Amino acid sequence: MTTENDISRREVLMKIGLFFNGLVGFALAIPIVRYIMSPVAKARKDREQSWLSLGDVGQFPAGETRLATYRNPVVNAWDGETADVPCWVRRIDTQTFQVFAINCAHLGCPVHWFPQSNLFLCPCHGGAYYQDGSRASGPPERGLFEIHYKIDNGNLLIKAGEMPTPGRAAIPAGGKSTCA
Amino acid sequence: MRLIEKVGSWFDDRLKVAETIRETAEHPVPRNTASWFYVFGSAAITVFMLQIFTGILLAAIYVPSAGEAWNSLQILNHEITLGWFIRALHGWGSDFMVAIVLIHMIQVFLFGAYKFPRELTWILGVFLLLATLVMAFSGQVLRFDQDAYWGLGIGASILSRIPIIGPWGVHLMLGGPIIAGTTLTRFFALHVFIVPGVLIAFIAVHLLLVIKLGINDWPMPGRIVRRATYMQEYHELTHKEGIPFVPAAVWKDIVFSGFILLAVAACAIFLGPFGPNGQPDPTIIETSPSPDFFFLWLYAMLSYLPPESETPILLIGPAVGILVLLALPFFAGEGEKSWKRRPIAVMTVLLVAVSLGTLTHAAIHPAWSPVMDAWSSMPIPPQFLKELTPLERQGALVFQAKQCRACHALDHTGGKRGPELDEVAIRLTHDQLIRQVIQGGGNMPAYGKNLTPAETTALVSFLDTLYPPDKIPARDASQREISLNPK
């Protein structure tokens, strides 16, 4: 009788111990998961897009498309040159611009602008786009990713800070109304 | 000698493992499994140990920082004594490991080793293959150069296409909104801690199963695997006519592993380390990124799939492939083991091998990538310029200046994305050429807005001359009627 009681008491104590460990494990899992998911949580707060200057509008002649570079707004000390992001700036007339992300809408490779044939070509799988960024041919299913811009005191500002990807672009992030 | 024995027995009195080790080493295996076909698994483990060893040596120098990684690779290549050799061993070891794991998988598949009772061994093997491929990709990322940078962009673009969770997945993969410092550090953790840990654990269980269940017997045509009788049959094979694994079978493993290590070292010495190529600076856009050897087939497939079917095939294809591999021992767990009685298995291996081989071959000289500098670096071959009128020569100039050569070759020079135009005039009439140039189509951009009427006239009159002297250029049937009966 007493031995049976002893065993069942030990079993109960062991189960309490296991339950206690499970509780602590669960409590610890919450901060760990939050730590791992922090890039996603940050992105959802939409803090990563901000207005950045590409410099004086005068450096972009009307009727031409030029490469511009900006420093990504979210930077870590050890990012090095990877935080310098290029984009294509097309100036249509004095007040109208188009700013395109460098990334091909197919798989993100850097597109090149050819002023002679007025085409953007991608070196990876041969995606081609017209000068207004619309799809011309090749594997991309859509045109180039366009970046919102505004002109402020003669400065060209763009709203950027996130690498565009085909899936991301499908989500309406802010709409086009931010253009000044 | 007596001293060594004394020390040995002192330790074993405490550890009590000598008996277990001897029993494991000398466990009986079927006589005909002491074969040169059974050496790939042990060779894969040997190369894996080489990877761990060289990987630790590299980690002693490498800096997993987006700003410094590329420089630290240069120091490994050029300043540290024999740093280039350790990098080369690790790089070539990676290629050998993927190759040996694939060969091992084909061998156990053709020998029916996944059948009862070794289903779990096969399933763990599938995960080991996937983990090896993750190591190969993340290793390419740690070689933080232009290919690594844009390769990450390609990975993120594929990941983003998963419905709903795709865009979150991109942030999780990159560790932030762009490819930068936090991307490299998480791939470092993946490559150095997480996946190697998984590999070590899975290899341990994989090996434990090989010892507990015994090595797969040599498949004999007609010797059918049945759940009810197999264990008894295998016991007879091993205990009546079996041989001890050590030393009767193991010597072939040892010789082959040594040969593989020698081959890795020879490749490392004579062919050197992989890269790094250009700096991972996204503002340097003069680059043609391409993946490492074992992902070239994917690079080819991403080009040849029609755009609208690409996303579903890309997302569903790998999942189906992995599920089929995992489910294989459950729907083919019994029956014939011998490849001589399994024609569909042999055909499947051949089909997959030929498909992957063809795609890889196509990707080594990619026909789909435009030759970005052809317009300025590849002049029109002179035979196409002989006896041309001034208008036609002007057209040749337009042809060159408008980057047509990026996609179209003349005399095999230039891009191969579009058709070679040496004989285009026998395929398309004058009017069809004008329409094709202006409207594009068939995967060609429309040049209507980018050419003046004069340029179009000149260009098409040049294209009209592109036919061999012994052939007749294409003509519109109605035009022919008019030219024969002018009134």
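**Entry 1: cysteines**

I took a disulfide to be a pair of cysteine sulfur atoms within 2.5 Å. The model I examined is a predicted one. With that cut-off I turned to Cys404(B), whose sulfur lies 9.0 Å from the closest cysteine sulfur, that of Cys407(B), and is therefore too far away for a bond. I recorded Cys404(B) as buried because its relative accessible area is 12%.

I then checked Cys104(A). Its closest cysteine sulfur belongs to Cys122(A), at 3.8 Å, so this pair is also too far apart for a bond. Cys104(A) counts as buried because its relative accessibility is 2%.

How many disulfides does a search of the whole structure find? I noted 1 over all chains. This disulfide is formed by Cys109(A) and Cys124(A), with 2.0 Å between their sulfur atoms. I placed Cys109(A) in the loop between β4 (97–101) and β5 (112–114) of chain A, and Cys124(A) in the loop between β6 (119–121) and β7 (128–130) of chain A. The two cysteines are 15 residues apart, and the pair links distant parts of the chain. I looked up the torsion about the S-S bond of Cys109(A) and Cys124(A), which is about -80 degrees, so the disulfide is left-handed. I also found both Cys109(A) and Cys124(A) to be buried.

**Entry 2: nonpolar cores**

I next turned to the largest nonpolar core, which has 62 residues. Which of its residues touch the most other members? I listed Leu54(A), Cys87(A), Val89(A) and Ile158(A). The element that gives the most to this core is helix α7 (residues 146–160) of chain B, with 7 residues. Apart from this core I found another, of 45 residues, which includes Trp92(B), Phe111(B), Leu128(B) and Leu326(B).

I followed the contacts of Leu54(A), setting aside neighbours within four places in sequence. Among its partners are Cys87(A), Val89(A) and Ile158(A), together with Phe60(A), Ala68(A), Tyr70(A) and Leu156(A). Leu54(A) is also in contact with Gln59(A) and Thr69(A).

**Entry 3: helix α14 of chain B**

I closed with helix α14 (residues 343–364) of chain B, which has 22 residues. From its first C-alpha to its last, α14(B) reaches 31 Å, close to the 32 Å expected at 1.5 Å a residue. Which residues of α14(B) are buried? I noted Ala345(B), Val349(B), Leu359(B), Thr360(B), Ala362(B) and Ala363(B).

Conventions: Residues numbered from 1 in each chain as written. Chains lettered and ligands numbered in written order. Predicted model: local features only at pLDDT ≥ 70, side-chain atom pairs only at ≥ 80, totals over all residues. Heavy atoms only, no water. Core = buried A, V, L, I, M, F, W, Y, C linked by side-chain atoms within 4.5 Å. Buried < 20%, exposed > 50% of the residue type's maximum accessible area, 1.4 Å probe, protein only. Helix = DSSP H or I, 4+ residues; strand = E, 2+ residues; numbered from the N terminus. Contact = heavy atoms within 4.5 Å. Expected span 1.5 Å × (residues − 1).
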